[in-house]
Amino acid sequence: MLVDISMLGLVKAHCDRIPRYDYNPDGDKLPPCHLLSPPPQSPPHPSPPPLPSPPLLPSPPPHPSPPPHPSPPPVPQACPPIPNQGGEQGDYGLVYERRARPDININHLTQSVVLPKMQEAMVFVNALHHASLDDAVSKLDNDTLHRLCNPPQECLSIDSPGTKYSIKTYLTLEHSSQVAYQSVCNVAKRNFAGAPGVEDILSSYSVEKLIANYTSIQTVEHDMCPDTCLAYTGPFAALEECPLCGISRWNQEKLHASHGCIKVATRKFTTILLGPQIQGLYRDPQSAQEMQYLYEQTQQILEQVRQTGEIPGVDDVTMGWDYLGAVLDGDIKPDDVVLMVSMDSAQLYNSKALDCWMYIWIALNFPPDKCYRKAHILPGSFIPGPNKPKNVDSFLFVGMHHLAALQREGLRIWNASHNVNLRSDLYLLFTTADGPGLVYWDGMVGHRGKNGC
Ligand SMILES: [Zn+2]
């Protein structure tokens with residue numbers, strides 16, 4: 001059986017913290033919600049009781065009791081405005097039917113696993129469960145940690161024409177070499193000598209640093225096998241050689257030259273931190289304003305559901321019950337950032353087999369026509385080739401650990417469009433990939449398997 005169950009473990013770890021909504025095993029329709037009224041006093045995550053009939057809602061159609069499967073129209077109910085942070089379920093006046101959230105006892109699960117791969121997975125799961133921004137996996141230096149907890153509270157403006165020119169040129173030449181960038185800048189300096197700002201044209205290194213600062217890009221590096229088998233994280237963190245290919249983790253030249261005293265990893269991979277990037281999006285008034293879309297759209301949809309008992313038509317994630325259910329449960333609050341992660345591989349050269357894997361974060365707070373734009377895509381990590389990673393979990397773990405730590409501790413944000421400080425919780429709504437890549441998220445056998453697992 002070719003199941004990579006370790007990722008399943010990661011997903012389960014998130015189940016523990018990030019409530020997810022079960023699909024309906026009998027079909028692809030989600031348990032269309034029954035919208036009752038008025039919200040029952042409280043029940044925190046209910047396994048909803050068989051909904052007794054009464055649609056106490058004024059207007060539209062009297063609703064018979066719980067519709068069986070292919071099921072239709074729910075009944076609306078009073079839907080007070082979305083509450084502020086900390087709102088409780090029921091504040092919306094809508095109750096919907098869904099299966100109970102799985103109750104997973106991680107300690108019990110850890111003790112009960114016996115297969116080696118599952119034991120490895122549980123090491124990852126437990127590390128996610130206790131993730132913290134200042135632990136050894138996070139690898140955040142003091143400056144980065146301080147900035148995460150105290151985001152800058154002023155907009156970044158660039159006035160110098162030379163600096164603007166540098167950034168524009170750099171972005172225009174994104175597929176060209178550094179030499180090309182430097183040549184273009186040198187020509188500009190020569191031809192426009194004496195022009196205002198020409199002395200501020202930046203070198204390739206400086207413009208990269210400036211853009212990284214502007215977009216709040218912070219990276220961390222972790223050791224990996226030179227053959228891309230795995231990353232030295234989680235259960236592999238203390239190993240000195242790859243358990244899959246036997247190659248040493250350390251640079252042999254430096255190791256021998258220092259008589260075994262200096263251990264430097266032969267290879268590292270890069271993870272780009274999610275928290276600072278989200279803080280960067282809110283630091284720009286325009287993107288902060290655009291990220292209001294999710295909240296405003298949700299308000300409209302809930303209002304429509306309240307009035308008509310049904311969702312107008314599904315053309316956005318905000319109209320799915322994976323999302324709306326979490327909002328109604330109070331798991332997603334107005335200031336929260338809702339995320340999707342997507343992973344894929346890329347062959348970097350036509351003439352050479354060189355796989356590179358990467359994943360990106362997508363903030364679903366933006367409107368659908370903006371959240372997939374390059375300017376709003378948040379890079380997650382790059383897993384260099386030449387080979388396909390054999391244990392993808394060990395690479396994904398770093399980014400997931402950072403996310404889990406932010407979920408535990410909250411992300412502080414300065415919203416430039418309203419000039420307010422707030423705490424945002426991050427909600428991972430979807431993990432996506434193409435057909436072959438999905439196995440790394442869900443632990444199934446993939447498109448070639450006869451059975452799912
Ligand atoms: Zn290896």
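Is Lys139 buried, exposed or partly exposed? With 17 other C-beta atoms within 10 Å, Lys139 is partly exposed; the label buried takes 20 or more such atoms within 10 Å, exposed takes 12 or fewer, and partly exposed is in between, with C-beta atoms placed from the backbone. This is a predicted model, where local features need pLDDT of at least 70 and side-chain atom pairs count only at pLDDT 80 or more, while totals for chains, interfaces and linings use all residues. Residues are numbered from 1 along each chain as its sequence is written.

**Overall**
- The protein has 15 helices and eight strands, taken as DSSP runs (helices H or I, at least four residues; strands E, at least two) numbered from the N terminus.
- Of the 453 residues in the protein, 34% are buried.

- Most residues other than glycine have a negative phi, and most peptide bonds are trans.
- Lys139, though not a glycine, has a positive phi of about 55°, and it lies in the loop between α3 and α4 (142-149).
- His259 also isn't a glycine, yet has a positive phi of about 55°; it counts as exposed, with 7 C-beta neighbours inside 10 Å.
- From Gly385 to Pro386 the peptide bond is cis, with omega near 10°, and Pro386 sits in the loop between β5 (377-383) and α14.
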